[in-house]
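Dear colleague,

I am passing on the structure we spoke about, so that you can look through it alongside my notes. Please have it open while you read.

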2 protein chains.
Amino acid sequence: MTTMKDVANRAGVSTATVSRVLNGHAAPTEQTRTRVLAAIDELGYRPNALARSLRMHSTKTLGLIVSDLLNPFFAEIARAVEDEARAHGYCVVFGNADESAEQQATYVRTLLDRRVDGLLVCPATDDGGWVAEVTESGVPLVLLDRTVDGSTAPVVRVDGTEALRELAASLVATGHERIGVIAGPANTSTGRERLDAFSAALAELGRRPRPEHVLHGDFRRASGAAAAAALMSLPERPSVLVAMDNLMGLGALEELRGRGLVVPRDVGLAVYDDQPWFPLLDPPITVIAQPTVAMGGAAARSLLALIAGEQPADVRLTARLVSRGSCGEAGLVSERASSPFNTAVRTRPTSVSEEDS
Amino acid sequence: MTTMKDVANRAGVSTATVSRVLNGHAAPTEQTRTRVLAAIDELGYRPNALARSLRMHSTKTLGLIVSDLLNPFFAEIARAVEDEARAHGYCVVFGNADESAEQQATYVRTLLDRRVDGLLVCPATDDGGWVAEVTESGVPLVLLDRTVDGSTAPVVRVDGTEALRELAASLVATGHERIGVIAGPANTSTGRERLDAFSAALAELGRRPRPEHVLHGDFRRASGAAAAAALMSLPERPSVLVAMDNLMGLGALEELRGRGLVVPRDVGLAVYDDQPWFPLLDPPITVIAQPTVAMGGAAARSLLALIAGEQPADVRLTARLVSRGSCGEAGLVSERASSPFNTAVRTRPTSVSEEDS
DNA sequence: TTGTAGGCGTTATCAT
DNA sequence: ATGATAACGCCTACAA
């Protein structure tokens, strides 16, 4: 590799001057400037970011740990974070915790060791053992989507209470008596909050679900299928299923399909987290949509603010019910409004060209 | 931050000794070893990976640049790469080119500057201007999914020729006369190869598609919709559409649905790239499935081999037709076999627990 | 305006 | 077995 010294020699100056030219610092004559630039060009010199970071105590890098990269919900968030970060001259390195607390802790340490300037974490579980390490290291931390025990870090999250209340009301109005819930893990804040909010909403309507109709999955596909299987094997099976995550919703759908059960005739289904393909199913799936892009953007901005020494407030976005009929409900709420909600802004135009050969 | 010097002071030894203990090097007495370890523990010392990398000329980090993180195809690949890398003690930093050549070039430079030990790239376009930079830097490079002009780097790709031939035969056998193709960009190897292979297969059967029935999209959702719209507006519209990518397939589906066209009654549809939700549609979508997990794993292994000084051969995996009836074809090929094909191996068990409160 | 020198936190080569 | 000491490649007072 060619280093700054090589450039200095080639240009007949000292490394200090090269550095100054590189960083647009004061002083260098237009003449030496061009000489240095020429040398850099001829040698194809690229500064060593490691050395620079070591010296500068800054890597211009954000660390992002998602609970599961395969979950499109997190993939979208990751993309939004990256967009925002890049716009501010930061680069993002990802870690995939795969819904595992240990793997998450490992990644936290790895990223801390690499001296990221800030850490964005979608916590896998409530366990906040790793938070202490981050605090000690002094690296700014922002929590995304889920909270964690014993942390005072800023949080960017989604409030689904109102949407779940609307869903509960809609289900009751539709005449559902037995409501099955495929909840998230009890050791995640989102897992608990969604279930609690939904249960509370039902209770207000005098319909608390039976205990055996509430199962906890792990936010992944297979657990959704297993829960659906269990629920539909009950003597008094639910008339509608509410899956608290898109992956568990997918699993539940697969299971229902496998059992030859027709939605919503045999059993209704609603899912938390919208996905582009939900409207394509027959019937289209009723969902609670979350503003993923806004979440990622807000989280990145909060972290950047923290790095800049500010004290960003928690951000609380709100989810929205998109009623599409998969619970047998009557009126479809305007579907038109749902598309822009979760659509990332694309700057480059989409091209379609005819084959000309 | 606490540094090695702090630990050395605390333990009453030199930094050299601390370093030796840390790296399990020869020499330290069991006594000093425990003293050092204790100091490390008490101080909560964590080595600075930047400094270490600067000194060691190795970051134990792989760079992965995907063309579009939002495409589940690449998300799965990314996950597989990361799994394999971690198993070998490497960490992966991602870059999202977003199907843009410039952004990709930017990321290549960024990762090179950070001195990754190896680079894995899913090229956005044929343009290989960036390859020279990588070559000069001496950083090992492996190409994934797509090839690039003027590169001699090892490539891990998928051969869809046979699957496309089977698809062509199936469509012809089903009686399709007018076959519409939503091809990928002409400036990507996969875009061209899939179209070429499919066209050739049709030609063998005496059915070359009309030029106006072949449109090029950009591997993203909106372009699939636009292409489908254009094709279905033609006076002699196709009786079946073949989308050469899952995102364009999604867009096409949305467009067809929006126009009130029923698959396969009004128009058939086949898609390149399987996704978990394709079997859930009515009818289930006929696809050409790619072994994404195997691709990611193979690519990571090739890169690791390259880093180790070996000379890995190109890897060519094969895609498979999964016929589900969305083209109006009669016999459904065994669906059973399709699931395991693209399923990532999960080591931790899936848990489903009953609500006990 | 430019050069010299010291240090960022490690590891490795010498001595001791 | 352990301790100085010199890099690794860069930035930045301080001097000139």
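Below are some notes on the DNA contacts and on one helix.

This is a predicted model, in which local features need pLDDT of at least 70 and side-chain atom pairs count only at pLDDT 80 or more, while totals for chains, interfaces and linings use all residues. Residues are numbered from 1 along each chain as its sequence is written, chains are lettered from A and ligands numbered from 1 in the order in which they are written, and side-chain values use heavy atoms, with hydrogens and water left out.

Of the DNA strand D atoms that come within 4 Å of the protein, 70% belong to sugar and phosphate. Among the polar contacts (pairs of N or O atoms within 3.5 Å), a polar backbone atom of A:Met4 is 2.6 Å from a phosphate oxygen of DNA strand D, and a polar side-chain atom of A:Arg52 lies 2.9 Å from a phosphate oxygen.

In chain B, helix H8 (residues 161-174; helices are DSSP runs of H or I, at least four residues) has buried residues (under 20% relative accessible area, 1.4 Å probe, protein chains only), including B:Leu164, B:Leu167 and B:Leu171. The helix is followed by B:Gly175, whose phi is positive, near 100 degrees.

Best wishes

Note on methods:
Helices (H or I, at least four residues) and strands (E, at least two) are DSSP runs, numbered from the N terminus. The expected span of a helix is 1.5 Å times one less than its number of residues. Buried means under 20% relative accessible area, exposed over 50%, partly exposed in between (1.4 Å probe, protein chains only). A residue is near a molecule or strand if one of its heavy atoms lies within 4 Å of it. A polar contact is a pair of N or O atoms within 3.5 Å; within protein, one must be able to donate a hydrogen and the other to accept it, and residues adjacent in sequence count only if both atoms are side-chain atoms.
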